[in-house]
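Here is a friendly walk through a two-chain model, written for someone who likes to keep the structure open alongside the text.

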Amino acid sequence: MIRFPRSYPVAALVALAALAPIGVLIVLGADAAQFFDSHSLGILINTLLLTLFTVIGSVLLGVPLALLTAYVELPFRRLWLIALAAPLAMPSYIGAFTFYAAFGPGGEIENLIGLPMPGVHGLAGATLVMTLYTFPFVLLTTRASLRSLDGSLVNASRILGLSLSMSLWRVVLPRVRNGIAAGALLVALYTLSDFATPAIMRLDTFTRVIFVEYNAFGLAQAAMLSLQLLVIVAVVLYLESRVGTSRERPGRTLSLWPNRWHIAGASVAVLIVAGLAIGLPLFIFAQWLIREGSGGFDFVYAWNSAYSSLLAALVAVVLAVPVAYAAIAGRAGRLMERITYLGFGVPGIVMGTALVYVGLQLPLLYQTLALLVLAYVMRFMPLAVGSVRSTAERMDNSLIYAARTLGATHREAFRRVTLPLTLRGIVAGAALVFLEAMRELPATLMLRPTGFETLSTYLWRVYEAGYFGRAAVPGLLLVLISGIALAFMLSGERRAELTMLNDERS
Amino acid sequence: MQRRTFLQSLAALVASGALPPAISRALAADRGAVSVDALPALEGDLTLYLGRGEGGLYEDVLGAIKQRNPQLNLRIRRGPTAALANTLVAEARAGVKRADLFWAVDSGALGLVDDAGLARPLPEDIRNQLKPGFRYPSWSPVTGRIRTLPYNTERIAPEQIPDDIMTLADSDLNVGWAPAYASFQSFITAMRLLEGEQATRDWLQKIKKKSRSYAGELGVVLAVERGEVDVGFANHYYTLRLKTGKPDARVDLAFTRDDAGCLLNASGVMALSEGETPMNFIRYLLSQEVQSYLVEEAYEIPMVQGVAMPQGLPPLQDINPPEIDLTRLADLRPTLDLMRDVGVL
């Protein structure tokens, strides 16, 4: 008799659940009047343009900054990297919200300094905001590749007569192409699934139009649009799986010693980027806080956010552990793990549409916290799986064999050897799920129980009602809690999100 | 009345524990608003679907009612009015029932739910309190609002604004609008009923070319004031509220005549489940205290007899709203299809 690894049954169940939303959407979408019309074409073009421009923008911003932080011997290097990675802690809709309020005629900046400012909205505005909050993906993946290269090749090319910039261009960049591509695909995935940024920038992308349809309870039409969006996401995920890494024997990392002018120039560049992405929103929130105080804010919102996200993190980790072990155990398990990754590609608004329908069919679940947490888990569990698996893979198996030889049962070996050794990965994965669930907006809007307001839904309500000043406290709290979760994650496991995607490629 | 006095007066009776003397007499009288003192206490669980929070003022009213009735466990689900109306219908179709009450900022949405047969008939005393012409069998208007054209006083002169909403499409004015907003959709429904499908389609197409969209109508008025657009389409009170906080605001109100552009629409409430508590909740919303609070703080038009009108609005006899039965605004689906077809939604 063939013996399956113990982790398989659970992993198989989880994989099945991950496929369910797509099935629901297909059933729902079958009722839609039209599969594709001229209106959909406009949405498609907007969505693709926004994604393309954001990818270009984040590569143009991320790659030079990656070179800077990887190779240049700057004072306080660590601090530079933190400042540049920090936009990851901020949901892009907070950026969109504050940019929208800060710029334009009569905006906060004009009120403050009296200079007329161009408005930030539409395709250009959405691209600007998305770029500022996604370039760290490119920065981090590119930097990781850069750090793994052998610097002596550059030295060789310079000895043979190439200038520094030419050797970076011809010797270094071709070898980190995959790193750049990995980051760029993450950016594309993020842009495709973001809902609030295009909505605030008044750009009709798939996510925004799905929300409009959902609000008119055109579930069939919303499902049809969701499926169209998923096709694009699938293409990105496919490209993502095709990006391979070329492993090099690690050598000495290149070190460049800048003069004073270089440092000044680099500082200005970094200050502008970090200032726009982090400084401006914090400044605007501070302004609003001083002007309007904390009126209308109830700390229950913060508790609700944290509570539902904690539940999601817990459930996600409990399910992620068997899936991660199944992936290591064999080919079938690897396939199951692959399937659960689908959830990460399903935008929140799509997951919401599917689960609202499921809830209506199963009234026991409708508008319950359980359904909301389920949505979070299905979307973000892959992050936990990746994090757990990468720590588990690095573990030395001979320790388990040793434990078994010394008489421990399977169970005891798992409990006393495997689990403690993967705990860091588990904690990091949980922190990552928590972080993402905290800032998830559209699925929360659609699925939350009645009376259940979170930081993100309250922010959205404030935006819709036009009472911007009231966004200060929830906005600052969201950034603060995200920052803490991010710090937690980085300490538990360095950049689990990126590790996951790096592993997937290996 | 200041917000604080309102909250106090609404909450005051809790401490004294005095029971209202002649509830039945007060309720049966056909003579306008009843004081909350005459209303029975609310008890038990109530789930209210609230179409938009109206920036805290509806919240204040709900907060005061909760404070006055500690035995009441009120759960509120907020969302765009049209979305909640559609949700209620979809829930009913799926056999799911969650809401006891629906408070909508727009009568079209109430009509939609009413047409699905979900509303409970109103007792006589509630209907008799309302202004004649606004008495409906299964839902009660709470406050009224008029469609207006807020315009930027620095960019254009009032004479530049046509007093016919249909000819506005041929002017060279830039327009701000909120097509996803329920009141706007009711306005288009009214236009469709008054001017016909084709004229409305042409109008939408022309306006679309010169318009900018906003999430809500406060956003529209703010954009007009900021000078992003010349005129906007919005309910009257957003402008009045903005001007209270900012008396030198560069915005003023213009009205069209006798067409959908100056539709008098109403927010309203309906009970979705049996029992006295939902009906009593509606009585609270129509009480003297709540009505005057919404008039004074939110600049809405009272729907109960004998409550004073808001300041800053031209007298009602100078405004010429079109003759239209508000329940007919429930015919929302063709409006949404039309708007989607033209590509404004």
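## Ground rules and the surface of chain B

Accessible areas are computed by the Shrake-Rupley method with a 1.4 Å probe, and for residues only the protein chains shown count as cover. By that method chain B exposes about 12,600 Å², and carbon and sulfur atoms supply 48% of that area.

A word on conventions: this is a predicted model, in which local features need pLDDT of at least 70 and side-chain atom pairs count only at pLDDT 80 or more, while totals for chains, interfaces and linings use all residues. Residues are numbered from 1 along each chain as its sequence is written, chains are lettered from A and ligands numbered from 1 in the order in which they are written, and side-chain values use heavy atoms, with hydrogens and water left out.

## How chain B is built

Chain B contains 14 helices and eleven strands. Here helices (H or I, at least four residues) and strands (E, at least two) are DSSP runs, numbered from the N terminus. Of its 345 residues, 61% count as buried; buried means under 20% relative accessible area, exposed over 50%, and partly exposed in between (1.4 Å probe, protein chains only). Contact means heavy atoms within 4.5 Å, and among the contacts in chain B between residues at least 6 apart in sequence, 80% join residues at least 24 apart.

One helix to look at is α13(B). Eight of its eleven residues are buried, so α13(B) is largely enclosed by the rest of the structure. The buried residues include Val290(B), Tyr293(B) and Leu294(B), along with Glu289(B) and Gln291(B). After α13(B) comes Tyr299(B), which has a positive phi near 60°.

## Where the two chains meet

At the interface, 35 residues of chain B are in contact with 32 residues of chain A. The area buried between them is about 2,900 Å², with 49% given by carbon and sulfur atoms; buried area is the accessible area (1.4 Å probe) that two parts lose on being put together, summed over both. On the chain B side, Arg77(B), Arg78(B) and Arg226(B) lose the most area to chain A, together 23% of what that side buries.

Between the chains, 13 residue pairs are in polar contact (both at pLDDT 80 or more). A polar contact is a pair of N or O atoms within 3.5 Å; within protein, one must be able to donate a hydrogen and the other to accept it, and residues adjacent in sequence count only if both atoms are side-chain atoms. The elements giving two or more residues to this side of chain B are β1 (44-51), β2 (72-79), α4 (81-93), β6 (211-213), α10 (217-226) and α14 (332-342). The largest share, six residues, comes from α4(B). By class, this side of chain B has 14 nonpolar, eight polar and 13 charged residues, where Ala, Val, Leu, Ile, Met, Phe, Trp, Tyr, Cys and Pro count as nonpolar, Asp, Glu, Lys and Arg as charged, and the others, Gly among them, as polar.

## Salt bridges across and within the chains

How many salt bridges cross the interface of chain B and chain A? The rule finds three, a salt bridge being a side-chain nitrogen of Lys or Arg within 4 Å of a carboxyl oxygen of Asp or Glu. In one salt bridge, Arg461(A) meets Glu59(B) at 3.8 Å, N to O. Glu59(B) counts as buried because its relative accessibility is 18%.

Within chain B, the side chains of Glu300(B) and Arg145(B) form a salt bridge at 2.7 Å, N to O. Glu300(B) lies in the loop between α13 (288-298) and β11 (301-302), and Arg145(B) in strand β4 (residues 140-152), so the pair ties together parts 155 residues apart in sequence. Both residues are buried. Elsewhere, Arg448(A), Glu453(A), Arg461(A), Glu59(B) and Arg78(B) are joined into one network by salt bridges that share partners.

## Two backbone spots in chain A

Phe76(A), a residue other than glycine, has a positive phi near 55°. Phe76(A) sits in the loop between α2 (38-71) and α3 (77-85) of chain A and is exposed, with a relative accessible area of 64%. Gln367(A) also has a positive phi, near 55°. Gln367(A) is placed in the loop between α17 (348-361) and α18 of chain A, and is buried, with a relative accessible area of 10%.
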